[in-house]
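Me: I'd like to learn how to read the packing and the ring pairs in a model like this one. Can you take me through it?

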Amino acid sequence: MVTLMVVVVIVVFSITTLVSTFALHDHHHRKLFVGSIGLVVAIGMYGAPLVVVKQVVQTKSVEYMPFNLSLFSFLNSSMWGPYGLLGHDLFIAIPNLLGWPLALFQLVLYFIYKKRGIHEEPSDDQTDLEKMPKKLNSDTGNSMWGPYGLLGHDPFIAIPNLLGWPLSLFQLVLYFIYRKLDIHKEPSDDQADLEKTPKKLNSGLVGR
């Protein structure tokens, strides 16, 4: 499933590049084409964390819904929505005005369940599906909005997305390198003894 999603991202990026370069020969239609794809990707980026909402409610845990990600999605949409309206740019305004309530919903969920424990562990496949969409949408979004900003001669759009693209790609590479590694290592015998000793000592002191 994850491999299929990566293939889709590569195909979308390749088609966008080829069509805008060879099929469209005027600036207006290129911007319209890239902006339309960017709009869809941006809506997907804000909606992707909703994949984990079911898991959050079932486990009553926000382990797979990072607070910083939800917070900055909320702040990002709060800024870019009005910016798009002020600039009469619907490609910027629409996804961010839609993304604002979605990001707010994530924050509300976080504060509801942040104190709760984990009731069940998700499988490896579930974890992959929960963590991956946001990374893929972020990487695709940077790939679309960077060129869109350049085509529109808007440095406020171009600069953050051109800088964000290699950062998102780096995160994606790290994900594929480490996603199969088991980070929950069993403690060694020495570590286990060190962890148990304080409890034994305290128990002995209380008994006296």
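Me: Which residues is W145 in contact with, leaving aside its neighbours within four places in sequence?

Reply: Contact means heavy atoms within 4.5 Å. By that rule W145 touches G35, G38, L39, A42, F91, I92, I157 and N161, once neighbours within four places in sequence are set aside. Keep in mind that this is a predicted model, where local features need pLDDT of at least 70 and side-chain atom pairs count only at pLDDT 80 or more, while totals for chains, interfaces and linings use all residues. Residues are numbered from 1 along each chain as its sequence is written, and side-chain values use heavy atoms, with hydrogens and water left out.

Me: How many residues make up the largest nonpolar core?

Reply: A nonpolar core is a set of buried Ala, Val, Leu, Ile, Met, Phe, Trp, Tyr and Cys residues joined through side-chain atoms within 4.5 Å; buried is under 20% relative accessible area, exposed over 50%, partly exposed in between (1.4 Å probe, protein chains only). Here the largest core has 10 residues, W145, W80 and F91 among them. Helices α2 (27-47), α5 (90-113) and α6 (124-151) each supply at least two of its residues; helices are DSSP runs of H or I, at least four residues, numbered from the N terminus. A second, separate core has 8 residues, including V53, V62, Y110 and Y113.

Me: And the rings: what kind of aromatic pair do F67 and F111 form?

Reply: A pair of aromatic rings is described by the distance of the centres and the angle of the planes. Rings of Phe, Tyr and Trp (its six-membered ring) pair if their centres lie within 6.5 Å; planes under 30 degrees apart are stacked, over 60 edge-to-face, the rest tilted. The count comes to 8 aromatic pairs. F67 and F111 are edge-to-face, at 5.9 Å centre to centre and 80° between the planes. F67 sits in α4 (residues 67-86) and F111 in α5, so the pair ties together parts 44 residues apart in sequence. F67 is partly exposed at 27% relative accessibility, and F111 is partly exposed at 49%.
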